[in-house]
Amino acid sequence: MSSSDRTEFGEYLRRRRAAMSPPGPQGGVRTSRRRVPGLRRQEVSDIAGISVEYYTRLEQGRAPRPSREILTSLAQAFGLSDAERDHLFRLGGESPPEPTSPASVIRPGLLRLLRGLDDTMPVTVHDGRLDLLARNKAAEELLGTLTGSGPFERNIAYQAFTTDVLAHLLGGDGSEWFLRVAAAELRMALSRYPGDAYLRALLAELAATSQSFRDHWKKGEVSASRSAIKRMHHPTYGWARFEIEVLHDPERDHWIMLYTPHDDG
């Protein structure tokens with residue numbers, strides 16, 4: 001960290017400390033006045049489990065670059081949100097921690113967006129594990145019902161390699177392309193969540209049951225598709241072309257796929 005970086009880091013710590021409510025008796029909020037707002041340095045250092053001398057040097061911009069363990073302790077001590085924690089890490093000269101798993105709950109505003117586009121275009125949402133979280137009515141009509149059962153029934157890669165949905169929806173060439181993408185995106189998911197038990201179990205299941213998956217997996221490809229034009233079979237209108245754009249919510253690791261009907265379908 002340069003001297004200017006250490007100064008900015010120290011200023012951020014002071015602002016966070018000043019914003020905290022001093023503890024009162026039995027853990028309540030203190031009602032008596034203090035000379036300065038927030039916690040004392042000793043109180044922050046006690047919560048974070050570091051020496052007050054070292055914490056003081058951090059605030060004053062005199063300490064060397066803090067370790068990831070120290071940054072994690074400070075983030076927990078201040079009760080930082082994910083965005084605030086990530087900012088603290090960047091100020092400290094470290095990359096923010098990677099999430100251990102995608103969020104399981106979709107933002108309410110995103111669900112309202114899906115419903116609002118029911119009569120306009122198909123929209124789906126899946127997470128970083130490739131599990132389908134939600135889709136609107138137009139997407140249900142286009143993509144049909146999920147088949148199969150078990151813990152992986154909502155997983156896009158599992159559906160691709162264990163059902164005949166793709167062949168009907170995309171045709172021969174289109175389904176082969178999607179299988180390649182599904183294997184590549186599963187590899188990317190595993191690289192981001194290497195210790196995820198669900199993804200490891202999914203990989204073992206597909207490797208044990210699908211020769212097609214084994215063939216694609218051994219190619220070692222990695223990808224994250226963000227846009228494409230696909231020829232798809234709509235149950236009402238027959239074959240049509242859709243321009244697909246993928247938006248990413250990095251905080252929750254949710255992927256929003258919008259299927260816009262293509263003019264030259």
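**Backbone geometry and overall form of the chain**

In this predicted model, Leu130 lies in the loop that runs between strand β1 (123-127) and strand β2 (132-135). The phi angle of Leu130 is near 75 degrees, which is a positive value in a residue other than glycine. Most residues other than glycine have a negative phi. Leu130 has a relative accessible area of 6% and is therefore counted as buried, the cut-off being under 20%.

A second residue with a positive phi is found in another loop. Asp253, which is not a glycine, has a phi of about 55 degrees, and its place is in the loop between β4 (238-249) and β5 (254-261). Because its relative accessibility is 2%, Asp253 also counts as buried.

A positive phi is likewise present at a glycine, Gly93, which takes a value of about 85 degrees just after helix α5. Within helix α5 itself, which spans residues 82-91, the buried residues include Asp86, Leu88, Phe89 and Leu91. The buried residues of α5 are covered by elements that include α1 (3-19) and α4 (68-78).

These local features belong to a chain whose secondary structure comprises 11 helices and five strands. Of the 265 residues in the chain, 42% are buried.

The overall dimensions were examined next. The radius of gyration of the chain is 25 Å, whereas a compact globule of 265 residues would have a value near 18 Å. When taken along the principal axes, the box filled by the C-alpha atoms of the chain is roughly 75 × 40 × 40 Å.

Note on methods: Residues numbered from 1 in each chain as written. Predicted model: local features only at pLDDT ≥ 70, side-chain atom pairs only at ≥ 80, totals over all residues. Heavy atoms only, no water. Helix = DSSP H or I, 4+ residues; strand = E, 2+ residues; numbered from the N terminus. Rg over C-alpha atoms; globule rule 2.2 N^0.38 Å. Buried < 20%, exposed > 50% of the residue type's maximum accessible area, 1.4 Å probe, protein only. Contact = heavy atoms within 4.5 Å.
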